[in-house]
Amino acid sequence: MATAAPRIGDTKVPMSLLEKGAYINYQRIEDNLVIVRDRLQRPLTLSEKILYGHLDDPHGQDIERGVSYLKLRPDRVACQDATAQMALLQFMSAGMPTAAVPTTVHCDHLIEAQVGGVKDVARANEINKEVYDFLATATAKYGLGFWKPGSGIIHQIILENYAFPGGLMIGTDSHTPNAGGLGMIACGVGGADAVDVMADIPWELKCPKVIGVNLTGKISGWTTPKDVILKVAGILTVKGGTGAIVEYKGPGVESLSCTGMATICNMGAEIGATTSMFPFNNRMVDYLNATKRQDIAKYAAQFAHNLKADEGADYDQVIEINLSELEPHINGPFTPDLATPISKFASEVKKNGWPDELKVALIGSCTNSSYEDMSRSASIAREASEHGLDVTSKFTITPGSEQVRATIERDGQIGAFEKVGGVVLANACGPCIGQWDRRDVEKGVANSIITSYNRNFTGRNDANPATHAFVASPDIVTAMAFSGSLSFNPLTDSLTGADGKPFKFSDPTGNELPPRGYDPGQDTFQPPPEDRASVQVAVDPKSDRLQLLKPFQPFSGEPKDLPILIKVKGKCTTDHISAGGPWLKYRGHLENISQNCLIGAINSENGEANKVKNQLTGSWGGVPQVAAEYREKGVKWVVIGDHNYGEGSSREHAALEPRFLGGLAIIVRSFARIHETNLKKQGMLALTFADPADYDKIQPSDRVDIEGLDSFAPGKNLTLSVKHADGSKENISLAHSFNEGQIAWFRAGSALNLVS
């Protein structure tokens, strides 16, 4: 008798050691790809295999890069504490008893860096008690995993415990692509997208284009994986990856560690990429084994044919990088795509008049806080210490997780940092997201800092618009901390030791993985309880930090005579639209956090932030105040924006706030992907000028009608009828990317209104 051939799905391997009954579903990918290959009749890239392997309907799904909207079934969802508040509030209003897919919440954003790790976590627990209680009870009620304050940064914990080759994950943080270092498609989204997946609704994504980055040569010396993405950011700019997945490939991949690959994928958010990823390789096997996931490593090896691109697969763009020739880079200031090789950096500092004195050097963050990052930086600190030096600049260290912190304490790296004057911060985001109680420089004073973080937008780290923030590898950051100067090049320049003799740093050294494996660290994880029915979710009706949501009103009528709230000039990130830092505490209270709406955006009318004219009264006021005045009088309004509007964080508050304050449309030259989707989810019109030059025709004092919404349809432009203050009129064509389902969100008032 013939026996059936074994199927990949016959083997059951858990997605995580921390979750019961949730298994890796390679069989779905295998089955879907049989259908898709038969339909497309062409070789597939790696990202296409994983994406199309997660299609909800592989038979009927339209598949055209850059055109189709894919309906996908992610394997899991991850949320950080700042965005989880609104996501869980939305999920509660959907009326579902439990999350449909494994979901975790991570407390990493609300811990302010002040004096050091232990005290900062204790302070955060006290200040944020009601938020943490809400998250702990809501996750328990709906069957989610909860990572407590101090456990670590979401992306490092995901890499250590949940990421797996070939998986599809969405996360409510723009640096979710970090998991691409383990061969996963991991995309940053807004909370409404997370709610959909938690509610068993397919996740919708515009079919990405694919950019291939071919790596040759071998990384060595002072060059690190961080320099790969710093170089790519310089090539593609902050919007060059928009609508695309970046796939790294080629023989150079094997010289990169797994956590190094994660670093590259993490900062891919800064080029606007949908996500970034690497093919399955031996370095991933090493990391899975070190983090006690040998079964996943073996299972992925059996599935390896679908964890790499097909021979002859077609890419929309290919970038070539020779790792053997790649220099360390430093990017900035004020934008992460201003890339300068270190050999030219000192001259750029002088030419541009950037402050040469380095005030603070900061290593860590979700981008560079692995054991390898810490051990290489510690080797630099030890060498400086051997020559009798302490750091000249202030020097802070942020471990990525409690596992990393406990292990580098055990292995001596923390001691090496503290010996030279370094301060070890909490296992949290801290200064990277503006959670930094910085006191060494007055606001408005020009100064320079250098970090191993990912973003360096104006004022992001310390709320000081005069701070020149530069981004580099932890190696370069650590070396510069001893020189105290931006002009110092550790590859060529010498420092003077305590004995008066000059010395040059040796090439940094460090292990990708600790010699005895990861220690589990302290108990920082709360699994869902067996009895969830008795759990009461903690929300105080009088709270100023948490507020239950009310549905937005459905669209009605043809919008006419709308004022322009603000015509934004230049770069407008989600930090400009919904500031972080001290505002993070209101992320669960829509009314209160809406008081920061667009306060960082520059008004083209006067070149100032947070000062706009009320077109009804002629008086000037703050942006959220004027918006609320319009709303109270029943007047809808629009925002006019520039290129790549909404780049940066995935925070959906940047879409919720204008919706809450009565906005109808955001009309721009171009959008960043996540923000455009977030606006649509909240029932806002996300529109673009068909001719980007038409941005210049709009005056802040104009009144506008939006025509064509009675026949709103995919691919059909709308018309902006503009009435200038001098009485003249003109019509401007507005494009959009709405599909039928998204038009239904708009008409219903929000996507959630269709779910509830």
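This is a predicted model: local features need pLDDT of at least 70, side-chain atom pairs count only at pLDDT 80 or more; totals for chains, interfaces and linings use all residues.
Strands are DSSP runs of E of at least two residues, numbered from the N terminus. On this basis, aspartate 561 lies in the loop between strand 21 (525-526) and strand 22 (562-567).

Glutamine 41 is found in the loop between helix 1 (26-40) and helix 2 (46-52). With a relative accessible area of 60%, glutamine 41 is exposed. Most residues other than glycine have a negative phi, and most peptide bonds are trans. The peptide bond from glycine 332 to proline 333 is cis, with omega near 5°. Proline 333 is placed in the loop between strand 12 (329-331) and strand 13 (339-341).

Helix 9 takes part in two of the helix contacts examined, one with helix 8 and one with helix 10. Helix 8 (residues 225-236) and helix 9 (residues 258-266) have axes 8 Å apart and pack at an angle of about 20°. Angles under 35 degrees count as roughly parallel, and helix 8 and helix 9 are therefore roughly parallel to each other. The crossing of helix 8 past helix 9 is right-handed. On the side of helix 8, the contact involves Pro225, Lys226, Val228 and Ile229, which meet Gly260, Thr263 and Ile264 in helix 9. By class, this contact of helix 8 with helix 9 comprises 4 nonpolar, 2 polar and 1 charged residues.

The axes of helix 9 and helix 10 (residues 282-290) come within 8 Å and cross at roughly 110°. The range from 65 to 115 degrees counts as roughly perpendicular, so helix 9 and helix 10 are roughly perpendicular to each other. Helix 9 contributes Cys258, Thr259 and Met261 to the contact, and helix 10 contributes Arg283, Met284 and Tyr287. The residues of the contact of helix 9 with helix 10 divide into 4 nonpolar, 1 polar and 1 charged.

Helix 10 also has a part in the surroundings of helix 11, whose buried residues pack against helix 1 and helix 10. In helix 11 (residues 294-302), the buried residues are Ile296, Ala297, Tyr299 and Ala300. They cover an arc of only 165° around the axis and therefore lie on the same side of helix 11. Asp295 and Lys298 are exposed on the other side of helix 11.

Helix 4 (residues 117-127) was examined in the same terms. Gly117, Asp120, Val121 and Ala124 are the buried residues of helix 4. Because they cover an arc of only 100° around the axis, they lie on the same side of helix 4. The exposed residues Val118, Lys119 and Glu126 are carried by the face of helix 4 turned away from its buried side. The elements that cover the buried residues of helix 4 include helix 5 (129-142) and strand 16 (423-424).

Glutamine 403 is found in helix 14 (residues 402-410). The relative accessibility of glutamine 403 is 18% and the residue therefore counts as buried, the cut-off being under 20%.

Valine 638 lies in strand 25 (residues 637-641). With a relative accessible area of 0%, valine 638 is buried. Apart from residues up to four places away in sequence, valine 638 touches Leu562, Pro563, Ile564, Leu565, Ile566, Ala665, Ile667, Val704 and Ile706. The C-alpha atoms of valine 638 and alanine 686 are separated by 10 Å, and the two residues are 48 residues apart along the chain.

How values were computed. Residues are numbered from 1 along each chain as its sequence is written. Side-chain values use heavy atoms; hydrogens and water are left out. Axes are lines fitted to C-alpha atoms, for helices over the stretch in contact, and angles run from 0 to 180 degrees between N-to-C directions. Helices (H or I, at least four residues) and strands (E, at least two) are DSSP runs, numbered from the N terminus. Angles under 35 degrees count as roughly parallel, over 145 as roughly antiparallel, 65 to 115 as roughly perpendicular and the rest as oblique. A crossing is left-handed if the near helix is turned anticlockwise from the far one by less than a right angle, and right-handed if clockwise. Contact means heavy atoms within 4.5 Å. Ala, Val, Leu, Ile, Met, Phe, Trp, Tyr, Cys and Pro count as nonpolar, Asp, Glu, Lys and Arg as charged, and the others, Gly among them, as polar. Buried means under 20% relative accessible area, exposed over 50%, partly exposed in between (1.4 Å probe, protein chains only). The arc is that of the directions from the helix axis to the C-beta atoms.
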